[in-house]
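Work through the exercises below with the sequence and the 3D structure in view. Each task is followed by a solution in steps.

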Amino acid sequence: MKLAFALICLLFASTTNAQSTRSPQDEAKWLLERLTGVKWPAGSAVLNDITQKIQAGDRAGAAAAATAQPQFLDVVVLEMASKMSTRDESVREPLNDFSATFIGVTRDNTDARELLHGNFFYKGDQTKLTGLNIPDDVVRNNNHYLQMSRANVSLANVLMRVNGQQIANSQTTVVPNPDPAGVLTSRAFMSAHALAGTNRRLVEYTFRQFMCLPINEWADTAASDARVGRDIDRAPGGDPTRYMTTCKGCHTVMDGFRGAFAKWDYRENTGVIVHSASGATNGNYSAQGDANGVVAKMNRPTFIQFDGGYVTTGDSFINNANRPNSVNAMRFGWRQPATDNDAALADRTGGVHAFGRLIAGSRRFSQCMAKRVWDAVCKHELSESEMDAVFIELGFAFEAQSYSLRKLFESAALHPKCRLVGGV
Amino acid sequence: MKNLNFKKWMRIGALVGLMTGVVTLHFNCAPSMFQPTSFSQSSTGGGSLGCEPNCFEKPASPYTLMTSHQVFSTMLNVTGQTGAVSGTMRQEYDARTGSLADNDNLASVNAPLQMATTSLAGEVCNSLLTREQGLAANARQFFSQVDFNRNLAGNTTAAYTLAIENMARSFWGRALTADETQVLNQFYNEFSTEFSAGLSAADQVRLTRKLYLSACSAMLSSFDAMIN
């Protein structure tokens with residue numbers, strides 16, 4: 001017993017010793033470089049300030065000073081958001097409305113759950129872009145964001161929040177977005193995932209980006225397949241077992257949620273996202289929904305593989321990832337949908353807005369944001385058991401800090417496991 | 001005494017049983033909440049040359065590679081040019097982005113990446129030199145003792161030493177090591193003797209700028225400047 005205690009003490013002592021060998025200057029340099037994504041000259045004012053804070057034991061203040069630098073938003077948050085915004089999942093994605101909104105929410109310290117259900121977006125403030133000839137249209141193309149990016153302006157300084165999302169319903173007119181849901185109804189996310197297909201990809205990538213789970217991880221063959229569409233063959237190759245053991249698993253959960261996107265589509269020729277309630281008459285701007293507003297690709301009348309499959313009649317959805325005692329129920333940690341301050345939208349139980357609130361309210365969303373921030377700042381893998389512990393811990397901290405992404409970045413950077421021993 | 005021993009053994013047995021249960025539940029039966037990040041989630045994943053996903057294992061290193069955007073932003077930051085991107089810099093960045101990293105995996109470092117970094121550093125340094133040449137000597141950040149209107153012989157070695165020390169502190173965040181100083185001094189000697197031979201007087205003056213452009217580009221694109 002005494003030996004075991006001595007061993008534990010020795011292990012603890014060696015760990016703390018390894019950490020205590022880092023000088024305040026070294027600690028400050030690492031913290032600043034990881035939170036801003038760029039290197040800094042020795043002796044720069046910001047580095048000196050952070051060093052002094054660390055010397056005074058104010059590590060939280062040091063992290064806050066690092067996230068106050070424009071590069072935190074212009075580089076680190078931008079790259080994290082860019083990776084989440086489109087199907088390529090690349091840091092090289094051009095700036096778009098998804099990443100601008102993500103940066104804005106981080107800068108303004110607003111509740112990050114709104115990213116999934118809020119009726120707002122961020123764009124460049126034209127009063128700060130004078131002389132740069134940046135186009136203002138953000139609903140028909142990405143030129144506004146692209147040209148702002150190429151003008152080398154600091155997004156940290158020029159972005160402004162615009163309340164009330166809009167969609168185009170003709171070449172020249174826009175209407176309020178009938179089903180606003182933060183970045184889920186951004187042009188970037190919709191154009192990446194509502195393009196062609198059957199709107200299942202929107203569900204898949206919402207889970208991939210905001211729950212940090214690829215579809216094979218949340219497939220559940222034991223869940224109900226009552227919502228699986230008619231276009232899914234129940235006996236592929238004449239073998240019903242194949243459907244039961246493989247196809248069904250993904251479709252139970254995915255098709256359950258798919259209804260949320262039933263009224264949405266993307267028009268590639270005009271580059272606009274469309275909703276059946278927009279009132280558009282021109283086919284290039286209309287979702288061309290049926291009598292219920294459901295777009296054709298949801299039911300695929302010309303591609304029926306199984307007559308008894310589910311026919312979508314509205315934008316309702318069901319949560320098949322919440323089967324009692326299932327792994328999914330435990331992983332996702334479903335709770336009440338995220339609080340909605342918009343009285344006009346709060347009562348909705350269908351559509352993307354309600355879907356976004358459900359996702360944002362889950363425990364998994366907080367943990368997933370912790371994981372994404374960890375990857376962006378700490379940049380090293382943890383063992384599976386460490387991941388569970390660290391991301392759950394940071395997820396709780398994220399919630400306790402009113403879902404502030406900026407605070408989450410700071411918490412992750414200061415986490416004892418973030419920096420590998422022996423760092424620069 | 002016998003009874004006490006029995007109770008003791010019962011307690012130990014119960015404790016072992018409980019720990020076994022916890023370990024089994026936690027590590028075997030209970031599903032893991034998170035899976036390690038696979039590089040297959042990245043678009044080009046393993047590298048900038050179209051390397052297939054998972055072709056490089058990510059090393060467990062305290063150092064990570066900077067992405068193309070981070071490298072460019074770093075170059076601008078350490079040379080004091082943030083927000084002042086010239087057309088030629090932007091053009092060079094656009095041309096080289098594809099060869100620079102899109103992930104933080106150190107194993108992605110390859111020759112095209114290093115060459116692209118050097119080319120980009122060349123443009124950033126070119127802009128830096130142009131800016132500093134236009135300033136009074138005491139207003140310069142890097143080349144305060146360099147007289148760009150004279151040839152190398154007309155400049156002091158102290159001016160060179162100060163310039164490389166300034167660049168090391170800014171680009172690498174630290175002082176030069178003895179080895180690095182030796183290499184950079186050797187470069188200076190070779191440059192001033194071998195390259196200046198046979199040049200016209202005007203070209204010899206231009207050589208002063210070329211020396212500092214070369215040294216700046218080399219230091220700004222060194223491995224130390226690519227990682228954080």
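## Exercise 1: A buried pair

Both A:Arg357 and A:Asp340 are buried. The model is a predicted one.

Task: Find how the side chains of A:Arg357 and A:Asp340 meet, and where each residue lies in chain A.

Solution. 
Step 1. The side chains of A:Arg357 and A:Asp340 form a salt bridge, with 4.0 Å from N to O.
Step 2. A:Arg357 belongs to helix H16 of chain A, and A:Asp340 to the loop between helix H14 (327-332) and H15.
Step 3. The two residues are 17 residues apart, and the pair links distant parts of the chain.

## Exercise 2: Between the chains

Task: Describe the interface of chain B and chain A by its contacts, its area and its polar pairs.

Solution. 
Step 1. In chain B, 48 residues are in contact with 47 residues of chain A.
Step 2. The area buried between the chains is about 4,100 Å², and carbon and sulfur atoms give 51% of that area. On the side of chain B, the residues that lose the most area are B:Met33, B:Phe34 and B:Asn228, together 20% of what that side buries.
Step 3. The rule finds one salt bridge across this interface. B:Asp94 forms a salt bridge with A:Arg150, with the closest N and O atoms 2.5 Å apart.
Step 4. The count of residue pairs in polar contact between the chains is 15.
Step 5. Helix H2 (68-78), helix H3 (87-96) and helix H5 (157-172) of chain B each supply at least two residues of the side that touches chain A. H2(B) gives the most, with seven residues.
Step 6. By class, that side of chain B has 17 nonpolar, 23 polar and eight charged residues.

## Exercise 3: Positive phi

Task: State what phi A:Cys212 and A:Tyr403 have, and where they lie.

Solution. 
Step 1. Most residues other than glycine have a negative phi.
Step 2. A:Cys212 has a phi near 55°, a positive value. A:Cys212 is placed in the loop between helix H10 (200-210) and helix H11 (215-218) of chain A, and counts as buried at 14% relative accessibility.
Step 3. A:Tyr403 has a positive phi of about 55° and is not a glycine. A:Tyr403 lies in the loop between helix H18 (384-400) and helix H19 (405-414) of chain A, and is buried at 7% relative accessibility.

How values were computed:
Residues are numbered from 1 along each chain as its sequence is written. Chains are lettered from A and ligands numbered from 1 in the order in which they are written. This is a predicted model: local features need pLDDT of at least 70, side-chain atom pairs count only at pLDDT 80 or more; totals for chains, interfaces and linings use all residues. Side-chain values use heavy atoms; hydrogens and water are left out. Contact means heavy atoms within 4.5 Å. Buried area is the accessible area (1.4 Å probe) that two parts lose on being put together, summed over both. A polar contact is a pair of N or O atoms within 3.5 Å; within protein, one must be able to donate a hydrogen and the other to accept it, and residues adjacent in sequence count only if both atoms are side-chain atoms. Helices (H or I, at least four residues) and strands (E, at least two) are DSSP runs, numbered from the N terminus. Ala, Val, Leu, Ile, Met, Phe, Trp, Tyr, Cys and Pro count as nonpolar, Asp, Glu, Lys and Arg as charged, and the others, Gly among them, as polar. Buried means under 20% relative accessible area, exposed over 50%, partly exposed in between (1.4 Å probe, protein chains only).
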